[in-house]
Amino acid sequence: MSIRKYLLLAVMAAGNTLCAQPLNRPKLVIGIMVDQMRWDYLYRYYDRYSNTGFKRLLREGFSCEQTMIDYVPSVTASGHAAVYTGTGPAVNGITGNDWYDRSSGKSVYCVYDSTVNTIGAGSPAIGGMSPRNLLSSTVGDELRSGTGFKSRVVGIALKDRAAILPAGQGANAAFWFDDATGNFISSSWYMDSLPAWAAAFNREQRAARYIREPWQTLYPPETYTASTADDNHYEVPLPGEEKPVFTHRFTGGQGYDLLKYSPAGNTLTFDFAKAAIQGYQLGKNTTDLLAVSFSTPDIAGHSFGPDAIEMEDMYLRFDRELGSFLQWLDQQYGKNNYLVMLTADHGAINSPGFLQAHRLPGMPEKLGRGAALNERISRQLGIPRAILSDAGSQLYLDTAAIRKAAVPLPVLQQFIQAELKAFPGIADAVPVTDIRNGYLPAPFNSMYINGWHPRRSGDIMVIPGPGVKNGSIMGTTHGTMYAYDTHIPLIWFGWKIAPGKSYRQISITDIAPTLSALLHIQMPGGTTGHVITEIMNR
């Protein structure tokens, strides 16, 4: 054989070898969402974090420091949907944890589905759940489609909506916690029966063991200097307790519902996540996706508020468990062979009681008032029930009744606006038509547009003032356009992620297209976000 022919064959063989190399992807993608984690929690408790949890993520990963939610409402279901669809409620349809349905005249829970059954619960009659109401594909859906459905996608959380919506319509499974039995359960949308590994996990009855463990502080209570003193009048006692103080015990509830207030709820979620990874052998044969959400910080946070010792201790404990989980992943896959994305679905407002005690702007206000408004509208304008619902700080109007009463719509809108603005905690009540015309300051205006869906949203948006909490002076909540509700952490860690930080404003809807770019898959169909270029090709 001539040298020329030999060289030609060698070049062809090398080309074939290069072509045969598989696409470089991480073995496993783990999306971690911490429910109600405000961005400042990364640094508020920083000095007491271990070196293996949040500090490791910040030290070895890439933190997007100015990540904001770009729609209203900033609530759990909308946040979990936005992270994995790359778009807000205007496109993905998840306009809240629930919304008013005009066709049925009833409230719709975001993941309720009457056509499916619960799998693994004591009774299927408790109601089936599925992602049917989600109108856009997710990263997991696109990963499955892009790999010929070889990749597996699993969602896990204590809350059903926090497990189902991130996983998407085409997921292999979603699991959530059943308060009655202490088991993780699923839906016939995904399976006919629980897999053997999940059934075995439930038989261990870890929830029964954890719920008997009292919650005590890791350190002496007086050392929790990032928090207020224990037992404040603006903290809500847990069910069965007289005061919101340590030590907390969780055996006074019905079933296992109180476990969701305990840091042990996070422990149980980590336990089940590990069991799912091993049970499904995730990441062993192809790139898989595990979407795991930690619901306990939100459930406990609603009672205690952001400034309580309970929340500081919650995050110190979570930090330790996160560190152990990362070390476990190192052992399973090797460092830098898996990709972690950590973020939150929303933040939370400081308790009005706390704000008032420190002479900061803040007050409680009930933002609904639908019944009272209907009575005044009927008396003044002659429309018997103009407002069908006031769900989610939105007013749904009965347009047929308004036309029948021959009252011009602008007249009714101005009447409602004047009535609501008379209450000190309400900044405005704005018809959607005015928002479309740019009525609000630009950033806030776009947030309402991004959150409004024509078939699921209301006609008038009721807008609280800054520092105004819907409800009482106690505990906390979320849902508004303000930074305490919308500024969230976002850290990328592991596979192909170089250490760094960005202070450019980034949107929660940028997460899905960035994950898609890293995985070399099509971005979800409804995506409106953009790739975070700072973490690419580093």
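Q: In β10, what is the bridge partner of leucine 28?
A: Tyrosine 338 is the β10 partner of leucine 28. Keep in mind that this is a predicted model.

Q: What makes β1 and strand β10 a pair?
A: Pairing takes at least two bridges between the strands. β1 and β10 (residues 338-343) have 6 bridges, in the parallel sense, so they count as paired.

Q: How do you know that β1 and strand β9 pair, and in what sense?
A: Same test: at least two bridges are needed, and β1 and β9 (residues 288-294) show 7, running parallel. One spot to look at is glycine 31, which sits opposite alanine 291 in β9.

Q: Why is strand β1 called largely enclosed?
A: Buried means under 20% relative accessible area. In β1 (residues 28-34), 7 of the 7 residues are buried, so the rest of the structure largely encloses this strand. Both faces are covered: Leu28, Ile30, Ile32 and Val34 point one way, Val29, Gly31 and Met33 the other, and all are buried.

Q: What makes helix α6 largely enclosed?
A: In α6 (residues 139-146), 6 of the 8 residues are buried, so the helix is largely enclosed by the rest of the structure. The buried ones are Val139, Gly140, Asp141, Glu142, Leu143 and Arg144.

Q: Which elements do the buried residues of α6 pack against?
A: They pack against α4 (76-85), β6 (153-156), α7 (160-167), β9 and α20 (511-519). Contact here means heavy atoms within 4.5 Å.

Methods. Residues numbered from 1 in each chain as written. Predicted model: local features only at pLDDT ≥ 70, side-chain atom pairs only at ≥ 80, totals over all residues. Heavy atoms only, no water. Buried < 20%, exposed > 50% of the residue type's maximum accessible area, 1.4 Å probe, protein only. Helix = DSSP H or I, 4+ residues; strand = E, 2+ residues; numbered from the N terminus.
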